[in-house]
Amino acid sequence: MNVRNPLALISACLLAACSAGPTPPAAALAPGLQAVSLRFAAQVNGQPFACGQRYTGIGSTRSTITPSDYRFYVSEVHLIDAAGRAVPVALAQDGAWQLDNLALLDFENGSGPCRNGTTATNTTVRGSVPQGTYTGVRFTLGVPFARNHGDPTTAPSPLNLTAMFWNWQGGYKFVKFDTATRGQTATTAAPDPQGGGNASGFSVHLGSTVCAAPSRTSAPSACQNPNRVTVQFDRFDASSQVVVADIGAVLAGSNVDVNAPNTSPGCMSFLNDADCPPVMGALGLAYGGVAAPGPQRLFSVR
Amino acid sequence: MTQLHRLAASGALAVASVALLAGAADSWRWPLPDWVPPPAVPADNPMTADKIELGRHLFYDTRLSHDGRMACATCHEQARAFTDGKAVATGVTGQVGTRSAMGLANVAYLPVLTWQNPQLTSLEVQALIPLFGEHPVEMGLAGREQALFELLKADPTYRRLFARAFPDAARRGEAALFSLSTLTRALASFQRSLLSFDSPYDRYRYGGRADAVSASARRGEDLFFGEKLECYHCHGGLNFTDNLKHARTPFAETGFHNTGLYNVDGRGAYPAAAPGIVEFTGETPDAGRFRTPSLRNVAVTAPYMHDGSIATLPEVLRTHYARAGRSVSLGQGVNPLRSEFIAGFQITEAEIADVVAFLESLTDERFLRNPTHGDPWPPPHAVAR
């Protein structure tokens, strides 16, 4: 290949990475490795997620919602072998969606009320593992601590998307789900005439909070509330099954038609927000000194 | 030598001389009086005149917002020492913030930024919050950075300014030149250029001009630095704040204090919307602790306190500091977590007038009108006020 135009190469790679669905990198695999393509599907109460679609029966008031964003980071992906050993999946470094051991899954396509999003979507995590028989999967919802507190102005993709910045707290939104609801068509203002808007109605933004530092002005060394969720399915076949992320299950206990006064819209992981206990509980996270009521309910397999 | 080669050679010569000129223009010197130490600047963002000029254009450009109506300068007006005269700001979606826009005079000397975020130590990163933040939405650009870069690329003024400010990035291509990295570095450089050390008090105290301030201001100075009012413990030093970092400090000083403005639960807490640095540290004694603001130009930065809840300087003294915290005036009782220096004091109206005269002597009129800090755009890009 005559590499006259490196730009053409780069755009070719980006396009390949942007195409949805499994793209087995088999050609590049070293001997003894097998390709892994972990497929994700976004849903709202059992229906496929789509920008601008109306979904009924949401939350404690059985509200109707119209989502405007749905993205999340997963990391530390492992397959589990027959002996129960967790084997890390080496992610393909595609320069777009995957970096080190983290990946951004992006279900919005920038259309309709998702206009602050990107047209490109990404619904799979791609990588490789040593050849073998695997019967389960494990991953973390969130950006690993080591990658979460760097300089976002110079971070590589997919840590350079301003929509996923969590600037005030430092780090990234692990989950960004925004939606208008029957009771809250917008946060505080009239609907955006351009058809979009930022966080509006009832948002679910997950991220680390109370990140303590050795001194008040140094970078955090740990977070009191990391708010990362470890997810494991003991019976999972990546070749035939899909990981489903149904936000309806996270909203099931919430009244999405109202917002607790003087708090962020919906639950943005901040302390002392009365909208957060049902959301954080459904994510399998402790909140406000109350232990998690049970395992996470966002993810299931199908 | 062919015609083409000669052309190329002269082009190379021209490029070389431009580079030399640019190098000379970029040997930045701080326009500071001798007694003022220069600020410390991040190693990856040295000051240059070209970056400052680009940052100034960005700072005053309303196109850096979701609806094209809000610039940095909307909440940071030069004539008000880069504050906005409002208690709290309203973002492009109408969402109202919970803290007051802070002044930017001498912001280059601050080791930590904003009222309430002890982990925010760089102006470059701070710029992301108003631009892209979602709680509250301020300029509303979350997710729209590509559209913003396209806009900048399409503007001939910005093409010229970015290329001059970031020649290395320009050589790496457009994606590097029009990026979050260059955008935030230029905005930070402009803000670091906002230096205010030419108030009447500076001329009196450091310039040897005894008549630069009034007799009332000198009496106010005595009160301010005295043990009755105790103001100077926190509002001391170069910028009248105990937060200081510059080229000659071996380590940064920081100060966060609870002044007893509120006491909503009887145990020292402030209203949840702006709880103090406890939001980050999670430690109860940090409730109500905010970074000490500079008092330079304070007379033009009303209303006061982190939430703009006190309208005038006499009121700040009368109903807040003299009462051991405004929580007492509010009937919430004295705040148990307040700074040990907030003890309350007896003060006469004449003494209040003297302290205010001293604070007014910290107003640097030239800073408020310095054209190099002003709006560089002709209409229609000028910030609508």
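A disulfide here is a pair of cysteine sulfur atoms within 2.5 Å. In general terms, it is a covalent bond between the sulfur atoms of two cysteines. Before using that rule, some housekeeping: this is a predicted model, where local features need pLDDT of at least 70, side-chain atom pairs count only at pLDDT 80 or more, and totals for chains, interfaces and linings use all residues. Residues are numbered from 1 along each chain as its sequence is written, chains are lettered from A and ligands numbered from 1 in the order in which they are written, and side-chain values use heavy atoms, with hydrogens and water left out.

How many disulfides does the rule give over all chains? The count is three. Number the bonded cysteines of chain A in sequence order and the pairing reads 1-2, 3-4, 5-6.

Start with A:C51 and A:C114, whose sulfur atoms sit 2.2 Å apart. The link between A:C51 and A:C114 is left-handed, with -105° about the S-S bond. A:C51 lies in the loop between β2 (47–48) and β3 (55–58) of chain A, and A:C114 in the loop between β8 (102–106) and β9 (124–130) of chain A, so this pair ties together parts that are 63 residues apart in sequence. (Strands are DSSP runs of E, at least two residues, and helices are runs of H or I, at least four residues; both are numbered from the N terminus.) A:C51 is buried at a relative accessible area of 16%, and A:C114 is buried too, at 1%. Buried means under 20% relative accessible area, exposed means over 50%, and partly exposed is in between, using a 1.4 Å probe and protein chains only.

Next along is the bond joining A:C211 to A:C223, S to S 2.1 Å. Here A:C211 belongs to strand β13 (residues 209–212) of chain A and A:C223 to strand β14 (residues 222–225) of chain A, twelve residues apart. The link of A:C211 and A:C223 is right-handed, at 100° about the S-S bond, and both cysteines are buried.

That leaves A:C267 and A:C276, also joined with an S to S distance of 2.1 Å. Their link is right-handed, with 95° about the S-S bond. A:C267 is buried at 1% relative accessible area, and A:C276 is buried at 0%.

Now hop over to chain B. B:C231 is buried, at 16% relative accessible area, as is B:C234, at 13%.

Finally, look at two helices of chain B. The axes of α2 (residues 49–59) and α10 (residues 180–192) of chain B come within 7 Å and cross at roughly 100°; axes are lines fitted to C-alpha atoms, for helices over the stretch in contact, and angles run from 0 to 180 degrees between N-to-C directions. That makes α2(B) roughly perpendicular to α10(B), a label for 65 to 115 degrees, where under 35 counts as roughly parallel, over 145 as roughly antiparallel and the rest as oblique. Residues meeting across this pair include B:L54 and B:L58 in α2(B) and B:L187 and B:F190 in α10(B), with contact meaning heavy atoms within 4.5 Å.
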